[in-house]
Amino acid sequence: MEKNAGPKSRGKNEDAGNTSEAAGANASPDEESEVYEPDYREKPAKMIYDAFLAKEGFSYEVCYNAKGNFYLDLGSKEEGGQLYHYRLVYDLPSKNGLCELFVLYRAEEGADEEAIVDMYAAKPDTGEVVRSGRKAWSDVGTKAYRDLTGE
């Protein structure tokens, strides 16, 4: 899993395949420097983290996998003598287009197979966040989740 602080905007020279050092050496004073621009999925992920996961003692690290898919690395927790690693992974926009949907996964430390712990919806415009109660893709979810997402 690759980890980083988030995407950056690209200058003209970087898009052409030059490194940022080379781009900076050739850049005119009026060209924009690289500036961190938060991923649009970061705000709803942070809303979910603040509402549910922070108080459970999870860490918070914005990451992207090799395909560029957004997720939060929440770190590891010991439960019943077993160490588990947790990730909050962006899924897709909700059916009604008003929310961003995320899945909380748990895997035994060092294992590749993950299990769904819960699914969440966040509506960035209003700050609403809700747990679905879903632990499998076929689960329906709570009434509050269905109402918020239009599912």
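**View A. Leu88 and its neighbours.** Leu88 touches Ala45, Ile48, Leu53, Tyr71, Leu72, Leu74, Phe102, Val103, Leu104 and Tyr120, leaving aside residues up to four places away in sequence; contact here means heavy atoms within 4.5 Å. This is a predicted model, so local features need pLDDT of at least 70 and side-chain atom pairs pLDDT 80 or more, while totals for chains, interfaces and linings use all residues. Residues are numbered from 1 along each chain as its sequence is written, and side-chain values use heavy atoms, with hydrogens and water left out.

**View B. The largest nonpolar core.** A nonpolar core is a set of buried Ala, Val, Leu, Ile, Met, Phe, Trp, Tyr and Cys residues joined through side-chain atoms within 4.5 Å; buried means under 20% relative accessible area, exposed over 50%, and partly exposed in between (1.4 Å probe, protein chains only). In the largest one, with 20 residues, Ile48, Leu53, Phe70, Leu72, Leu74 and Leu88 touch the most other members. Elements giving two or more residues to this core include helix 3 (42-53), strand 2 (70-79) and strand 5 (115-123). Helix 3 gives the most, with six residues. For the record, helices (H or I, at least four residues) and strands (E, at least two) are DSSP runs numbered from the N terminus. Apart from this core lies another, of seven residues, among them Tyr71, Val89, Ile116 and Met119.

**View C. Helix 3 against the strands.** The buried residues of helix 3 are Glu42, Pro44, Ala45, Met47, Ile48, Tyr49, Phe52 and Leu53. Their cover includes strand 1, strand 2, strand 3, strand 4, strand 5 and strand 6.

View D. Six strands line up in the order 1-2-3-4-5-6, with antiparallel pairing; two strands pair if DSSP finds at least two bridges between them. Strand 1 and strand 6 (128-131) are the edges, each pairing on one side only.

**View E. Two hairpins.** Strand 1 and strand 2 share four bridges in the antiparallel sense, and their hairpin has five residues between the strands, with Gly68 in the turn at a positive phi of about 85 degrees. The hairpin of strand 2 and strand 3 has two residues between the strands, and Gly80 takes a positive phi near 60 degrees.

**View F. Arg87 in strand 3.** Arg87 sits in strand 3 (residues 82-93), opposite Asp73. Arg87 is buried, at a relative accessible area of 13%. Its side chain makes a polar contact with the side chain of Glu114 (2.8 Å). Such a contact is a pair of N or O atoms within 3.5 Å; within protein, one must be able to donate a hydrogen and the other to accept it, and residues adjacent in sequence count only if both atoms are side-chain atoms.
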